[in-house]
Structures are given as structure tokens and as C-alpha cells.
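Q: Hello! I am new to reading protein structures. Could you take me through this one, feature by feature?

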Amino acid sequence: MVTGAARGIGAAIAQTFARDGAKLVVVDVPQAGDALAKVANGLHGSALQLDITAPDAGERIAAHVAQVHGPDARIWAIVHNAGITRDKMLANLDEKLWGAVLQVNLAAEIAMNAVLLGDLPGGLADNARIVGIASTSGVAGNKGQTNYAASKAGVMGLVWAQAEELADRPVTVNAVAPGFIETDMTAAIPFVPREIFRRTNSLSQGGQPVDVAETIAYFCDPASGGVNGQVVRVCGQNLVGA
Ligand SMILES: NC(=O)c1ccc[n+]([C@@H]2O[C@H](COP(=O)([O-])OP(=O)(O)OC[C@H]3O[C@@H](n4cnc5c(N)ncnc54)[C@H](O)[C@@H]3O)[C@@H](O)[C@H]2O)c1
């Protein structure tokens, strides 16, 4: 299960999972329905149009899994990839811009985990993998991204807390913290800072969505069950947060 899978990093995660033989459920907002359907059809998965901030998002995901994949189907891995930015200097951040970012990037993930970890048809498997997407902005902050950085630091805090909380189950909770990755989200960054991000990468290039996807595939590999409560930076040694 990959949220925000209609494009960018989410679509790359879905492709990587499909290569590894997974049955996929891809989730994105209804406005991205066409792109989502293309991803799902190309990978023989199923698409669920859902805004993850809906109060019943967890229940709707579980109902979809049970309906499409059978009443005994459980989710092996959920990747909380959907995310947004609403960048502004701190003085110009109003409640709406704080709320939107914290809701999508953090609160929705907490709410969905709470529901899907319960004993409902279509919920998470006993030995499930939960993966969050943090950011190097959450590691070190980034000018103009106080709301985003706070939400992504929250994702890391959630990983550390929840991995411990779930220690009596074979569930693992991990996250990646990408640096600058070439997607539609970062295409909106002005040229000069974009170029600086590329050049402060030790490979002298922007990261690729597949770089993030392969790290997530490793977290979700049945053989990596001993890796828990970890945040791996996928940033080509970008100095932010070093
Ligand atoms: N691109 C980067 O450099 C970078 C760096 C660090 C972290 N990240 C994180 O990686 C993740 C993916 O980023 P991306 O660059 O592919 O972004 P993107 O904007 O290209 O894609 C994000 C997807 O999430 C979906 N989405 C947004 N709000 C949603 C909601 N409420 N419900 C369901 N789906 C929703 C969007 O429709 C979109 O398809 C995000 O969490 C982002 O914060 C990206």
C-alpha cells in the first residue's frame, strides 16, 4: 500500500514493489485519479482515490483491501508517502498553512496507523512493515519550511516512538529522510536553490525517486525484520543536517 502514488516518489515506490512481486494498492486524491489509475493499471494493482486526511481514511483503506483482495487479505507494508509543502517564511505562516501540512504529513499517518493496526479485515498483517517519509528538512530545518520541517521531524519522532510501542509485535516502523529528489514537488523550487541542492550532493546531481524507493523496498523485504526504528537519509551526503 503506497499513499501519494500517482506520481513522483510514490509512483517509483509502487514500481519497485511491483518488480519485487508485490500486489499493490495505490492511493491518491481524487484530483489525481487519472494518473493514479495509470500507475495501478501498469502494475496490475488496485487504485483507491482517497484524501488521507479524511476522518475515516484508515477504515476506507481496510475496506478496499478486504473488498478487492479478499476478506482474509492483510496489508504487508504501508508506505506513508503522500506529502505536501506550503512554504513561507515563518512570520508569514498562518494557521491554515501550518494545519494543512501537519495534517497531511503527520496527523493522517498517525490516525491511519491507529486504525490499521487494529484487528479489522483488511488491516495490517501481524508482521507488517510501516514506512514513513521524513526529509532532511526535518533533520536540520530549512529556511521557509518551518511547517514542513516540523511535520517531517514529527515523522521521525513517530518512528522512534512507535517502533518501541510495538516492540511486542513483529511489526517494524522505519522511515527514509530524502534530501533533494527530482520530482514535480521540487520542480517548483526556484532555479538557483535547486541547482545548489544538486551541487551539494556528493554525486553532483539531484536524487532520483528510485533511490528512495529502493531504500523503502529494503525496509519491506521479509529478510529485514531486524531493522526497526531507523531513519535512513537518502540525500547523497547533502550537507543539510550533516
Ligand atoms: N522531492 C523531494 O525532494 C522530497 C524530499 C524529501 C521528502 N519528500 C517527501 O516524499 C514524499 C513524496 O514527494 P514527491 O516529491 O514525490 O511529491 P509529489 O508532490 O510529486 O507527490 C506527492 C503525491 O501525494 C499526493 N497527495 C498529497 N496530498 C494528499 C492527500 N491528502 N491524500 C492523498 N494523496 C495526497 C499528491 O496528489 C501527489 O500525487 C512526500 O512526503 C515528500 O514530502 C520529497
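A: Gladly! Let us begin with a term: a salt bridge is a side-chain nitrogen of Lys or Arg within 4 Å of a carboxyl oxygen of Asp or Glu. Keep in mind that what you see is a predicted model.

Q: What is the idea behind such a pair, and how many salt bridges does the structure hold?

A: Side chains of opposite charge can pair when their charged atoms come close. The structure holds 7 salt bridges. Take Glu214 and Arg19, whose side chains meet at 2.7 Å, N to O. Glu214 belongs to helix H9 and Arg19 to helix H1, so this pair ties together parts that are 195 residues apart in sequence.

Q: What are the closest N and O atoms doing in the pair of Asp56 and Arg60?

A: They are 3.9 Å apart, and the two residues form a salt bridge. Try the cut-offs again here. Asp56 is partly exposed, with 35% relative accessible area, and Arg60 counts as partly exposed at 34%.

Q: Which parts of the chain does the pair of Glu182 and Arg198 link?

A: The side chains of Glu182 and Arg198 meet in a salt bridge of 2.6 Å, N to O. This pair links distant parts of the chain: Glu182 sits in the loop between strand E6 and helix H7, while Arg198 is in helix H8, 16 residues apart. Glu182 is partly exposed, with a relative accessible area of 26%, whereas Arg198 counts as buried at 17% relative accessibility. Salt bridges that share partners also join Glu182, Glu195, Arg198 and Arg199 into one network.

Q: Now helices, please. How many residues does H1 have, and what should they span?

A: The rule is 1.5 Å a residue, counted for one less than the number of residues. Helix H1 has 12 residues, 8–19, so it should span 16 Å; its end C-alpha atoms are 17 Å apart, which agrees.

Q: Which residues of H1 are buried, and what do they pack against?

A: The buried residues of H1 are Ile9, Gly10, Ala11, Ala12, Ile13, Ala14, Thr16 and Phe17. They pack against several elements, including strands E1, E2, E4 and E5. Helices H2 and H9 are also among their packing partners.

Q: Where does Met1 lie, and which residues does it touch?

A: Met1 is found in the segment before E1. With a relative accessible area of 6%, Met1 is buried. Leaving out residues up to four places away in sequence, Met1 touches Val25, Val27, Ile61, Val65, Ile75, Ala77, Ile78 and Val79. Met1 also shows how sequence and space can be read side by side: Met1 and Ile130 are 129 residues apart in sequence and 9.9 Å apart in space, C-alpha to C-alpha.

Q: My last topic is phi. What should I look for?

A: Most residues other than glycine have a negative phi, and most peptide bonds are trans. Just after H1, Gly21 takes a positive phi of about 95°. Ser204 is not a glycine, yet its phi is positive, near 55°. Ser204 is placed in the loop between H8 and H9 and is exposed, with a relative accessible area of 56%. Gln237 is not a glycine either, and has a positive phi of about 60°. Gln237 lies in the segment after strand E7 and is exposed at 59% relative accessible area.

How values were computed
Residues numbered from 1 in each chain as written. Predicted model: local features only at pLDDT ≥ 70, side-chain atom pairs only at ≥ 80, totals over all residues. Heavy atoms only, no water. Helix = DSSP H or I, 4+ residues; strand = E, 2+ residues; numbered from the N terminus. Buried < 20%, exposed > 50% of the residue type's maximum accessible area, 1.4 Å probe, protein only. Contact = heavy atoms within 4.5 Å.
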